[in-house]
There are 2 protein chains.
Amino acid sequence: MRPDLSGVDPLAFNLATRLSVGDMLTRSAFQFPDRTAIVQDGEEITYARLDAAAEAFGRGMLETGLERQEPVAFLLGNSWRFVATFFGCAKSALVALPVNLMLPPDEVAWILADAGVRAVVADPAFVPLLEQILPDLPQVTTVVVTGDTSDSVAGRTALRWDDVAADPTPLQVVVEDRDTLHCLYTSGTTARPKGVLTSHLAVHVAALSSALQVGHRHGHEFSVAPIVLPLFHTTALDTLLLPVLLTGGTAILPPGFQPEAYLDIVEGSRATHLLLLPMMWAAVLATPRLDERDLSSVRLCMYAMAPMPQERIGQIAAAFPNADVLLGSGQTECVPATVLQWPAHQDTKSASWGPSVVTVDTRMMGPGGDLLPRGETGEIVYRGPHVMSGYWNNPEANTAAFAHAWFHSGDIGHLDEEGVVWFSDRLKDIVKTGGENVSSVEVERVLLSSPEITEVAVIGVPDDRWGEAVTAVVVAVDPAVDPSALSNRLTALCRKQLAGFQVPKGIEVLTGLPKTATGKIQKHELRERFRG
Amino acid sequence: MRPDLSGVDPLAFNLATRLSVGDMLTRSAFQFPDRTAIVQDGEEITYARLDAAAEAFGRGMLETGLERQEPVAFLLGNSWRFVATFFGCAKSALVALPVNLMLPPDEVAWILADAGVRAVVADPAFVPLLEQILPDLPQVTTVVVTGDTSDSVAGRTALRWDDVAADPTPLQVVVEDRDTLHCLYTSGTTARPKGVLTSHLAVHVAALSSALQVGHRHGHEFSVAPIVLPLFHTTALDTLLLPVLLTGGTAILPPGFQPEAYLDIVEGSRATHLLLLPMMWAAVLATPRLDERDLSSVRLCMYAMAPMPQERIGQIAAAFPNADVLLGSGQTECVPATVLQWPAHQDTKSASWGPSVVTVDTRMMGPGGDLLPRGETGEIVYRGPHVMSGYWNNPEANTAAFAHAWFHSGDIGHLDEEGVVWFSDRLKDIVKTGGENVSSVEVERVLLSSPEITEVAVIGVPDDRWGEAVTAVVVAVDPAVDPSALSNRLTALCRKQLAGFQVPKGIEVLTGLPKTATGKIQKHELRERFRG
């Protein structure tokens, strides 16, 4: 049964019925025009102002000649203009392509070329980077700068952001549910970054789901969230910022993360929802006179990327007396939070990832594509509207990603009897040795319990006898330590706590580990280095 | 930017990424297989059993030869098999068409013919109705009966529901976001009923939005909701049942509404979310020894369809000490709750409809299609993913419904400074008299304050002098009252409280008012009767 819409204007029908992320801001701005959406450098940007700026910016970008669904690359730090640029793209059916600001210039250039970017929006701080890379990127014709700028950048006319966002006439653009909202390039631990395309539907549903799971309430109390993680990542953008703006709350964008300044903001703004990385939580706990602060407003302390020791979770719970402490997990290809701990698991299952959110299925898959029963270890696979539309310009990766009708995460884990996901390792980081599978994460956990080392990576090195030999690469606390003696002590530690086949056959001591721009250890470089 | 999915199987991609209402149950059944989804006649149906039955029933219906997106008409009372039939249709991309059980046979027959229904699922109680209407509906070839049945109904082989739902092999059917999920015929206060087609996307997003607004929590506490309103209406189905099942809660389906039995269920099940009509709340408040009951588990007392006096709201709040009391509004064409009071408005704005939910825009439109500023009265229009896909088989109605790029509700109201919607009347119930617009609802409110009458309808009657003459039709408490004297007393009452042009020019006393099957007063019949 389909309705006969022959007499209905398609644009009118789209405007009246669509699910678009741009409308999320339109709605909050109509309901709460004078409430503060964003606080930056002490300035309060209201919903009405943010929405008007976003709409005008989107209109301005279309007027530069961009077609709908073309990418707009951002080189923008966390700021209200980042948010307005993002919503401007959403409202005009352009694709937001926020670039990871920690990438080296050649990788930024590679991404701009791969995505066929014609328009770039940059903070003044990134103009020198553009001067460096644009000469080799002739297709980039539009450069917009958020602050003062000279008239041209690398030979292109430079537009001021405020001038682009000058025309307040409302936008009327068709935005389809499955139009691409953003393209986020994943950092490459193994290969060139891949452009992950995500739809309006995926991000809007994930924002509703996150708001429901973490308790943002519409019209009851309003959430306040300081955001120090970069908005160019899906975690801060889709999982924290958007649910806050969906429900009329306030996002505070500090210039960076400094633990005491952060706590001053939390206290002063009566913040409700916090999201930090584990090492940031450690820094927060180490601040002086923490127990003298009034942190009673905080209802949720989230962390992401990695588990935290139970002891630290307990310390956070003590410092924030009204807050739950939860791990949120996910990946760029499946808008997080995909899997989120429940408060009931704060103490009992803090090392788990928690159960799926309401809009996601999570299962474990065997190598042949069979779904495994609870308790068995396999690749973590996802289904649901959070899942990406596909990788840009990479049909082979898409074929692999959607094999057997589930999205393949590349992570290994199992489900327990409660349907709680326990992560064990990245698929490619499993070491296959003498017919056994060794989880590098498990060995790393034992090694990290030694007070003598600060960092560790366990890899498999090709070996005639074992297939792969379990090999640990460590960074010592004391740079002057005798590597051979340290290696012997660590081997002894592993013998006590691990099965024989899990004990590293070799332990290498380095002064540092190779990392991506986002701080992930590049095991593929280590494998290359210790091959043979 | 669109991904190249040339190597991806379309069914695999759909299964991995779709937003479908059937998957809502799949997910809850995987996460909470042994939790109770439905309680009926003391029997507890687990999520695992409900999901398996739904999937098997969907498969069985496809095997009768139905094509995807064909309608399946239900003549089913509230029961777990209603829920399984509904999800079976959702999972197999069939269109659920639950028929209003209060309609007369000729209207049921008209709907089945209009929708081109080939398959009907009925409770044994409705087999006599089918025997009566099927002889004139040759296209109906499949009849499924939920209980014991003879081998044939009106010459068709009758299938037993449990036999149709016998094959447990999992379904693998493409379900698109905008496929039609259900077709609900609106009761006709003015004309023949219209089939409202609503998509999976609309209902799924509305369920997330409702869960967020009314505080169903996933993995915190679980909601328990007794449902006595009929599931063939969007209110009970989409706004109460689905958000409860989305979040792993329990729906209790009593055989009918009897106030003391209802309260026994609320108390015994530690119910959290209640939804009743205003007259049902009055009956609940009138039960003996209400104050001796433990009703502390209830967190929300919702009502729908009509406002309640402030006094009754206060009484409910007193009886349910931990509950907010809220009015939810909406209509079949825009999955409710579209507009929902906030707890902050329980006391201050209880006569309002409240603000839009997060996924809906609500505005007021003038006759020329212009959006009106706050404070001005016009037609209530909606935008957002809750809005229907269109009316079935009725292009003229669709053209009118989506005029000026907003969905036209046919209701009149205004928005206040807080964005709160205040309903004043149905557009067609405004009386135009002597150049003034009179809200029939406003006059009805004054008349109802008289203890002498139980019901009232105010209409406009064509009049040479006034254009329309404001006319009140009332039902007296005392059937032996002198109509002329009563009319004089009511006119005097109106003169005290209304402007002169609002005072009825005539007051008619009847013993009852004509109503639709759902209890709405049929003003068009009254207009016809008192014309001239």
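## Salt bridges, interface and core

At 1% relative accessibility, A:Asp179 counts as buried. The model is predicted. The partner of A:Asp179 is A:Arg68, and their side chains meet in a salt bridge at 2.5 Å, N to O. A:Asp179 sits in the loop between helix H7 (161-164) and strand E9 (180-185) of chain A, and A:Arg68 in the loop between helix H3 (47-63) and strand E3 (71-75), so the bridge ties together parts 111 residues apart in sequence. A:Arg68 is partly exposed, at 38% relative accessible area.

**Salt bridges within chain B**

In chain B, B:Asp148 and B:Arg160 meet through their side chains in a salt bridge of 3.9 Å, N to O. This pair links distant parts of the chain, 12 residues apart. B:Asp148 belongs to the loop between strand E6 (142-145) and strand E7 (152-153), while B:Arg160 belongs to strand E8 (residues 156-160). B:Asp148 is exposed, with a relative accessible area of 67%. B:Arg160 counts as partly exposed at 30%.

B:Arg489 also forms a salt bridge, with B:Glu452; the closest N and O atoms are 2.8 Å apart. B:Arg489 lies in helix H16 (residues 483-497) of chain B and B:Glu452 in the loop between helix H15 (440-448) and strand E24 (453-463), so parts 37 residues apart in sequence are tied together. B:Arg489 is partly exposed at 39% relative accessibility. B:Glu452 is partly exposed too, at 27%.

In chain A, salt bridges that share partners form a network. Its members are A:Asp429, A:Glu444, A:Lys523 and A:Arg527. Over all chains, the structure holds 50 salt bridges.

The pairs described here, with one that crosses between the chains, are listed below.

| A:Asp179 | A:Arg68 | 2.5 Å |

**The interface of chain A and chain B**

Contact involves 79 residues of chain A and 79 residues of chain B. The area buried between the two chains is about 6,700 Å². Carbon and sulfur atoms give 59% of that area. On the chain A side, A:Met1, A:Arg27 and A:Phe30 lose the most area to chain B. Together these three account for 14% of what that side buries.

Which helix gives the largest share of the side of chain A that touches chain B? Helix H8 (residues 200-214) of chain A does, with 9 residues. By class, that side of chain A has 42 nonpolar, 24 polar and 13 charged residues.

**The nonpolar core**

The largest nonpolar core has 241 residues. A:Phe320 and B:Phe320 have the most contacts inside this core. Leaving aside residues up to four places away in sequence, A:Phe320 touches A:Leu263, A:Leu274, A:Trp281, A:Val284, A:Leu295, A:Val298 and A:Cys301.

Definitions and conventions. Residues numbered from 1 in each chain as written. Chains lettered and ligands numbered in written order. Predicted model: local features only at pLDDT ≥ 70, side-chain atom pairs only at ≥ 80, totals over all residues. Heavy atoms only, no water. Contact = heavy atoms within 4.5 Å. Buried area = accessible area lost by both parts, 1.4 Å probe. Helix = DSSP H or I, 4+ residues; strand = E, 2+ residues; numbered from the N terminus. Nonpolar A, V, L, I, M, F, W, Y, C, P; charged D, E, K, R; others polar. Core = buried A, V, L, I, M, F, W, Y, C linked by side-chain atoms within 4.5 Å. Buried < 20%, exposed > 50% of the residue type's maximum accessible area, 1.4 Å probe, protein only. Salt bridge = Lys/Arg side-chain N within 4 Å of Asp/Glu carboxyl O.
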